[in-house]
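Visitor: I'm new to this structure, so please pick a single part and take me through it slowly. I'd like to know what sits beside what, and what the words mean as we go.

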Amino acid sequence: PIHVNGYFELSSNRRDVWWGDDMAGDGKARADWNRSIIEDIAGPSYIRLIEAAIRTKLVKPETYEFLFPQRSLSGPWRLLGDHLFSGVRDIPVLYSACAVSGNNWVAPSKSILMHDDNDKLLVEILSMDRLPLVLLTSSELKSSLLKHQTCTNISTPDLLRRYYSRRKNITNGALENAENKLKYAEYLLIYCKSDLSPMQYSSLSGCQFVPLASGELGSFSVLPKFNQSSLKQLQSMGFSRLLCIHALRVSKDNFDAATEWLLTNRYSDEASTVQHGIDPYLVCNKESASLLRKNAAHTFIDIDMVNDPGLRKFFISGTVSSALNILTLQAEMLPDIVARAIPRSWRGKESAPWDTNTEHPNLSWFTDLWRYICSCGDVRGSLQAVAEQFCIVPTEQGVVCTLSPSNSVLSSRGLDSKK
């Protein structure tokens, strides 16, 4: 796209620049002279020309691409092109409409090119994060920038996994957008796992793509391993499954330390919350989700709120549970569910004050709880797991209480059969 004027040594027909690598004597000297003109004068001048045109606004974002070679070059001009693409690598000569620095011109080495220029939703997401995204209209220029490794960052799944695993909160970023963040996170998860085999899902660790029932986003993480025999021992002492796992992880798989933690913290707030890097997010369906939605919506995924069928299979996959902090709810986890859902003042009590007008847990919640217990494969086992530990029986006397063999017998007469 430019004219090069210089004292070149010409071929015998006076129409071509003398050029070649297999020469000796006078011919080699003439070729070396031409090479020196291009490398030492024309190349640096071409780079300064582009810099000056951008700095003085002689070109616009819509036209600056014409300053670069748009087709393959040969002979001495190929050397000029190589010198140009190498020389501008760290100079701000590419336009990014969304760069965060305030100056929309970015260096190719710091820019990101789209893997798929037609992926409009991904462009929207990355633009909201104000990444140095460069959208080129010339496919030939894009190919040249990549061929010469002038640009090395492409929006591949791998690059985005690395970016989102380290990303912090961004004011007005895509994942902070109240209206669309769940949609964006779902799309990013589909994209970022697209090149992974199930055995590589741990590569998603750190990515904030987990759609929680609260409407917020959680981050994937790889959880510490623990001894299964230690887990069984702790459960045999009457502690719930998830609580035992939490104790083992915070105690670095030390059985005695885990036992001490359980005895001290069984009814604490820490025992009923999700600690990042320690506890899994639970995957719940409609029935179990209703138990946690009011008090613990930030601790689980409502699978019915996940739009993509492929992602629904992903979240309930055993491979995902093995690799990341995602765990499908099982009936044996019912005590942990109840512990998260009930007020702190009820934990460890045989009875507690309760009013039918209480917002939570209200009568509807207790109805859902008992329906869930009755839907379990082992109704007797599920009931025994929570009956004497938690206040799960609402009364008309203004209290809610536990259920044990010493309690008065309840008669079903007069109860609404529809409930």
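Guide: Strands themselves are DSSP runs of E with at least two residues, helices are runs of H or I with at least four residues, and both are numbered from the N terminus. What you're looking at is a predicted model, where local features need pLDDT of at least 70 and side-chain atom pairs count only at pLDDT 80 or more, while totals for chains, interfaces and linings use all residues. Residues are numbered from 1 along each chain as its sequence is written, and side-chain values use heavy atoms, with hydrogens and water left out.

Buried here means under 20% relative accessible area, exposed means over 50%, and partly exposed lies in between, using a 1.4 Å probe and protein chains only.

After helix 7 comes Gly238, with a positive phi near 100 degrees.

Now look at those two partners together. Helix 8 and helix 9 pack with their axes 8 Å apart, at an angle of about 125 degrees. Axes are lines fitted to C-alpha atoms, for helices over the stretch in contact, and angles run from 0 to 180 degrees between N-to-C directions. Helix 8 and helix 9 are therefore oblique to each other: under 35 degrees would count as roughly parallel, over 145 as roughly antiparallel, 65 to 115 as roughly perpendicular, and the rest is oblique. On the helix 8 side, the residues making the contact include Leu243, Cys244 and His246, and helix 9 brings Ala258, Trp261 and Leu262.

Three strands form an open sheet with parallel pairing, in the order 8-7-9. Strand 8 (300-302) and strand 9 (326-328) are the edges, each with a single partner strand, so one side of each has no neighbour in the sheet. On average, neighbouring strands here are turned by 30 degrees against each other, direction ignored.

Strand 7 (residues 281-284) runs parallel to strand 8 and is joined to it by three bridges; across that pairing, Val283 stands opposite Ile301 of strand 8. Towards strand 9, strand 7 again pairs in the parallel sense over three bridges, and Leu282 stands opposite Leu327 of strand 9.

And is strand 7 covered or left open on its faces? Both faces are covered: Tyr281 and Val283 on one side, Leu282 and Cys284 on the other, are all buried.

Conventions. Two strands pair if DSSP finds at least two bridges between them. Contact means heavy atoms within 4.5 Å.
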